[in-house]
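Trainee: I'm new to this one. Can we go through a few spots together?
Mentor: Go ahead and ask.

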Amino acid sequence: MGTITSGVGLMSGLNIDDIVSKLMSIERQPLVQLQARVKTVETERVAISDLSARILALKAAFAPLKGDLLFRSNKAVSSNQDLIQAMASSTAVAGSQRVRVEQLAATQQLVSRGVADADRTPLGSGTVVFASALSRLSQQTSLSQLNGQTGVTRGIIRVSDGSGSSAQVDLGTAKTVQDVVSAINTASGVQVRAEIRGDRLAIVDLSGQTTGPLTIADVNGGRAARDLGIAGTGTAGEILGGDVNTITEGTSLSLLNDGNGIAIDGLLDDMKITAADGTGFNVNLSGTLMATTRLDALNSGQGVRLGLIKITHSDKTSVEIDLTGAQTVGDVLSRLSTGGNVSATATSRGIVISDTIKGKEKLIIEDVTGGHAATDLGIAGSAAGSDTVAASLIGTSVYQIRTLGDVLRAINFATGNTGKVTASLDAAGKGLVLTDQTSGVASLAVEALGTSGAAKSLGLDGVPIGGVLEGRRLVATMNSTLLRSLNGGQGITQLGQVKIIDRAGAASTFDLSGAQSIDDVLSMLQAQAGGVQIKAELADSGLGIVIRDLSGGTGSLSVSDEIGTAAVDLKIAGSVAGETLRGGTLYRQFVSGNTLLSEMNYGKGIAVGKINITDSAGNMATFDVTKTATTTLRDLLRQFNNTNDKVNVEARINDSGDGIVIIDKAGGGGHLKIEDGGSSSASDLHIAGTTATGEDQIDGRLSQQILLGAGDSLNDLVEQLGKTSGLLSVGVINDGSSITPYRLMITAANSGMRGALAIDTGTLSLGLETLVQAQDAVAYIGGDGKTGGIRVVSSDNQIRNAIPGVTLTLTGKVGDYSDVTISRNTEGLTKQLSQIADKITDVLGRLDTLTNYDQESNTRGILLGDSAAWQVRQDLYSLLEDRVSVGGQSLNLGDLGLSISSSAAKFDEDKFHKKYDSNPEGIRKVFTDAKDGLWVKLDKIFAGLTDRGSGLLPSRSDSLQSKQDLFSKRADELTVLLGSKQKQLYAQYRAMESALAQLQTQQASLASIASLAASMKSGG
């Protein structure tokens, strides 16, 4: 049978491969054309995608113009960069201020006496206490706290003594009462002594002469002497100043009780007051607005000016409501809800009014002409709604408990108190007074409710006399501490009588029942004629009391309680053979439930994050510390103590009053474990860790008591101090001396007075010497001389927001000044607009390439004539030309210096500044207005070009992709058909070859038959 070899038919002699190839070439023409169309469409799609990517890059360049950041950017320039560096935030206001540096912050540093060997020389046995200086009992009273917190005007005073000599004392830099005392006592040319006596200053003439009277007067029209209560002429060689340490209704609650405020019980009622007629009422000090809240108590006692208000609903209908005669918040809510087609409720944030008509317009609440009710109620304003969500207006806060006046009003306006009990300040301006206006067989009484400590911390837990309850004082005497702040806030259990026997055997009993501050105790515990010869004073550390024997006897000095627990609680109970009885550490409380988390950790604040607590039974709970929901320690402690049985712990202020303690109550066999959950919240509170075996609590105290044995060395002390809670850092240094070179170096962990240390070495002789005193940075904002400007203080060398929105970093010479100028910072804005011009140029350049036609080469751009490319170009022009109007200001990007010329965008910075500087706030609003702003317009243009699904370019790309897919599918189908066609041709040629082979065989057979026939014929 015939076959095809080498592409040539054996029978036909034809070049079959060539013939099939040529035939298939003709057949492939539609496929080639289709593949060319696929490639063309793919190129178009890639071009569209590339164009879309460039448009998206342009949109990203516009994005920063949507918000306020670039428009509110400011810069601060210091005229003396070597003295002050300044940085402005977006909230800064343009202007200039002169800043003078008075002093730079310093970190306290101490060094001990030297020892021969750091590892082997024993220090002796005893206890060393390291605490924050805020634990000291002698806190310096700020001048700003005097005169009912109106403070003292700085100035110069003239002091003249009995000899006729005088001196001018400059109090321009005085910050505390102690600064005043020191300035007077160190004045040259005059012999006087200034001292603090309770709530007053006293000036004593030491000249011993009577040539002239002791006088103090203000100089140059100042009033510092008058504000300090010491202006005038002395009697018997002494000027006893007026009482300048008072409180008023405006006194902030945060200043009471040595800065610990009052202990309320969250949202619950805090105390119940019962009058003599047997009726009682509850008082709530949470500051939560309630339906029962009297309108008289709102706006810090200013009340509400009642009248007509107008409510315009979201469907543009309106109604006027008359609030005249309303007495409570509930009255207001009722009238609003029944007459205004709105729902009105009271919340902790204020009154909330929701529109019951779900229209598209705004809910508007306003005062009728001349009225003030809506404004005074905090509900004047507007809120937008929608077809599905009702407009809801959240009123501003109009009721708070932040001052003593707020407390008085909370009592006097409490529900049920119809004038039966009146609360007021006492005549001396030290505490509160409750006066029972009723009569009956009962007695005026104040009862604490729940876990609230408000009654006690307001000094109202005493016994009334004749229907009048005079509360304890709420602020300590100057430079002193209230007894209730001692022992971490636990105070004295029972004041009474204390017996002291001196070393000569004399005995005296001191009645301390009337004492309220540590200064009162020291004044009472003094030598008595015919009695004990002692002196009571604060220890050098300021952490406790020292009783010194002055009798000269050889017996024991002893202190004990006769009645009450004062000696024990003051930690002076005991007996010593020597002349000095050193009391224990009394730990003044300075951390309370009112302490802001932002003020914890030496003012650095507590990191936002989570705290994981696992109790000894293995139960675990996670607590979220957020700045919005948890702002005070009370908020955090409430979280820890209300865990719904997830973890069994108790959290409270610790016994040293300088942190919190977490106590395990599970009683399991494991360990209490506290961990940070992704931040440093637990570490910042100094409670991160795991209890040791036998311990059931983790105490975040700052103070540390180090117990040294007889053989302990400097290195042993350093090792124990290494376990402290970030109060200080320690190390041993070698000063190079030949005999006792090793010294303990102690450095406060934090700068300024906030980081200052109080160290009590007891009977140990560490010989601590202060190398660097802790001090705050001090600067004056404004003014020229020492008495000019506003004094600002910072614990580090950064002063934040003294000039609103500006941070000042003090770096240079004390006493010099710098002018700090704040202005708009347009660098970011101009840079962004320049970048936008570059991005527009990039898009236009790409468009030119894609739509170009070259006549010489007769080549056309891939998108020449494409409608999408044409639309993109038109929209780019629209970006620059379309105008918007907001608040009377009409603007387009062209006005700000952006233009298109010769297929390129340009940015004219001079034109921009000329326009922008004329009205920066107006231009900001034009850009950022959420409803009609320029960005809204731009966003719509970009959305029309690039949004997936509806945008021009994605839709065009999808269309091209569909076309490409269709063509590719057709090409694939045609390829299959061509393959079949080729196989068919080869099959046909094989059949032909086979037929030819058969014909050839038949021909040979016929020839053979013919030959045989011929042979037979010839032979026959």
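Trainee: Which residue in strand 32 is the bridge partner of Lys-499?
Mentor: Ser-560 is the bridge partner of Lys-499 in strand 32. Strands here are DSSP runs of E with at least two residues, and helices are runs of H or I with at least four, both numbered from the N terminus. The model is predicted, so local features need pLDDT of at least 70 and side-chain atom pairs count only at pLDDT 80 or more, while totals for chains, interfaces and linings use all residues. Residues are numbered from 1 along each chain as its sequence is written, and side-chain values use heavy atoms, with hydrogens and water left out.

Trainee: How do strand 28 and strand 32 pair?
Mentor: Strand 28 pairs with strand 32 (residues 557–563) in the antiparallel sense, over five bridges. Two strands pair if DSSP finds at least two bridges between them.

Trainee: And what is the partner of Lys-499 in strand 29?
Mentor: In strand 29, Lys-499 has Thr-509 as its bridge partner. Strand 29 (residues 507–511) runs antiparallel to strand 28, and five bridges join them. The two form a hairpin with five residues between them. Gly-505, in the turn, has a positive phi of about 95 degrees.

Trainee: Which residues of strand 28 are on the covered face?
Mentor: Val-498 and Ile-500 make up the covered face of strand 28 (residues 497–501). Gln-497, Lys-499 and Ile-501 are on the uncovered one.

Trainee: Next, Ala-566. Is Ala-566 buried or exposed?
Mentor: Ala-566 is buried, with a relative accessible area of 0%. Buried means under 20% relative accessible area, exposed over 50%, and partly exposed in between, using a 1.4 Å probe and protein chains only. Ala-566 belongs to helix 11 (residues 566–569).

Trainee: What does Ala-566 touch?
Mentor: Leaving out residues up to four places away in sequence, Ala-566 touches several residues, including Val-498, Leu-512 and Asp-561. Contact means heavy atoms within 4.5 Å. The C-alpha atoms of Ala-566 and Gln-497 are separated by 7.5 Å, with the two residues 69 residues apart along the chain.

Trainee: What does the side chain of Asp-367 make a polar contact with?
Mentor: The side chain of Thr-375, at 2.7 Å. A polar contact is a pair of N or O atoms within 3.5 Å; within protein, one must be able to donate a hydrogen and the other to accept it, and residues adjacent in sequence count only if both atoms are side-chain atoms. A polar atom of the Asp-367 side chain also lies 2.6 Å from the backbone nitrogen of Ala-374. Asp-367 itself is in strand 21 (residues 362–367).

Trainee: Last topic: what is phi of Asp-258?
Mentor: It is near 60 degrees, a positive value in a residue other than glycine. Asp-258 sits in helix 5 (residues 256–259) and counts as buried at 14% relative accessibility.

Trainee: And where is Asn-299 found?
Mentor: Asn-299 is in the loop between strand 16 (280–283) and strand 17 (308–312). Phi of Asn-299 is near 55 degrees, again positive in a residue other than glycine. Asn-299 is partly exposed, with a relative accessible area of 25%.
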